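Please open the model in a viewer and keep the selection tool at hand. The stops below are given in the order in which they may be selected.

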Amino acid sequence: MNRIIRKVFMILVVAATALSAASQVERPRLVVGIVVDQMRWDYLYKYYDRWVEGGFKRLLNEGYSCANTMIDYVPTVTACGHATLYTGTTPALHGIAGNDYMIDGRPTSSVKDTTVTGVGTTGSAGKRSPRNLLTTTIGDQIKLGIGPLARVIGVSLKDRAAVLPAGHGADGAYWFDNDTHQFITSTYYMKELPRWVKDFNKKNNKQMKGDVWKDKSGVAITFGMAEAALKNEKLGRDDLTDLLAVSISTTDAAAHTFGVMSGEMEPIYLQLDKELESLLRLLDKEVGRGNYLVFLSADHGGTYSEPHMAANHMPSGRFYDSAVLEETNAELRKRFGVDKLLRDKMEYTFYLDNDLIARHGLDREAVKAEAVKIISGRPEVMWAVDAERASEASIPLEIRERVVKGYNRKRSGEIFVMPLTGYYASWSGDQRGSNHGSWSQSDSHIPLLFYGWKVPHGETTRLTHMTDVAATICAMLHIQAPNACLGQPIEFDE
Ligand SMILES: [Zn+2]
């Protein structure tokens, strides 16, 4: 070939390559969502000097950190957080109004479904599905936008942390059963556990009989299960983008027991860091560097425990919701002559007994107003609000908006309570443990890291929201955002 012909040939090759690149939508082969339960944003730096090179440091130093990501609603609890990260919307719309809430006046837990049965267990822990979730998720939009053959799998020790991220259209969600000490699923997804799940359960039987909820072994088991899903479900092997949603629950249970600043948290987070390093290495090997997109965040943070704050001469205290319920009912009885007008409390929300109010011919609005007044008057309470009218309450706009976004009018209680800042709902005899659920920085400032496919290195302290995660992932994938998404895609500044 003479020089001119060769040059023309090369131009044709380049043009053809450019044409074929532009003729198909570019997407990563796999999205991996990692949610660390009760991971405060500042943990990224609390343990920074002890991280290995290939775990959190790899995400921080090669990926993109949204360092000012806030949760858009209250209560900041597990089920709401997982649902919001993957739907891009808040309890007002996705319907997961708490870890527990009422549907048609009946108490239920976030992913409880009595119409399905467990697979891998005969116990009640298997009666789970995403049916209480009212909107679509990232995984659902992948199925709708890219195709039903794209695979979507959720893995976590906690049922809600596996089921909600995986969404309605998932191929599988696997969570831990405390009775059988193994990963299970439900008939919502399948009739029998896949061979690889049975094998995983058998192989790790001894380890899974230990305290997976509060010991670092729980982190290793969860990542082990995620890696087994990656290999056996052949995720990220073709151009149809798959989703692997992994959530780490041990971090939450340990913080509730020992406190967010306790020494017991360190080995758990260092284990998490090492597991992250090996997962990324496995992704490099199985899917290929640059072919996968990772995001890492948390469902909520955690408040400093009262003993820790007291030792540092800082304000803190407890909100004993059972006592508030009982004492408010006693006051209401004095005023209206009827006992138990408040039916129940769940986290920071209180439910009126509307049947009882109707039976006694009481004025519902008057009972509610009186209950709000009584609870607001308590020394440990900053605000108690009529949730339906939260937008009229005299509360700073930023906080008021979170109450509105967290209130689901079909499922939440009528009264929402915010204790003084630094105070937290308490129920156990353990004095060291932390909690979460409030609007405060401790509970609502979460880490948000993106890494991999088309993610530049950088950091922003611009305000970003938990609801932006689903919007960002779907925008990158060029698919429609989940159907009730309120978030905005985050632009990565280089
Ligand atoms: Zn949680």
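A residue is called buried if 20 or more other C-beta atoms, placed from the backbone, lie within 10 Å of its own, exposed if 12 or fewer do, and partly exposed in between. This is a predicted model, in which local features need pLDDT of at least 70 and side-chain atom pairs count only at pLDDT 80 or more, while totals for chains, interfaces and linings use all residues. Residues are numbered from 1 along each chain as its sequence is written.

Select residues 159-166, helix α7; helices (H or I, at least four residues) and strands (E, at least two) are DSSP runs, numbered from the N terminus. Eight of the eight residues of α7 are buried, among them Asp159, Arg160 and Pro165. Next, display β1 (30-36), α4 (78-87) and β10 (242-248), which are included in what covers the buried residues of α7. Just after α7, glycine 167 has a positive phi of about 80°.

Now select alanine 470. Leaving aside neighbours within four places in sequence, alanine 470 is in contact (C-beta atoms, placed from the backbone, within 7 Å) with residues including Leu85, Tyr86, Ile138 and Cys485.

Finally, select helix α11 (residues 250-258) and helix α12 (residues 265-286), whose axes come within 10 Å and cross at roughly 170°. Axes are lines fitted to C-alpha atoms, for helices over the stretch in contact, with angles from 0 to 180 degrees between N-to-C directions. The helices α11 and α12 are therefore roughly antiparallel, a term for angles over 145 degrees. On α11 the contact uses Thr250, Thr251, Ala254, Ala255 and Phe258, and on α12 Met265, Ile268 and Leu272.

Key:
Contact = placed C-beta atoms within 7 Å. Parallel < 35°, antiparallel > 145°, perpendicular 65-115°, else oblique.
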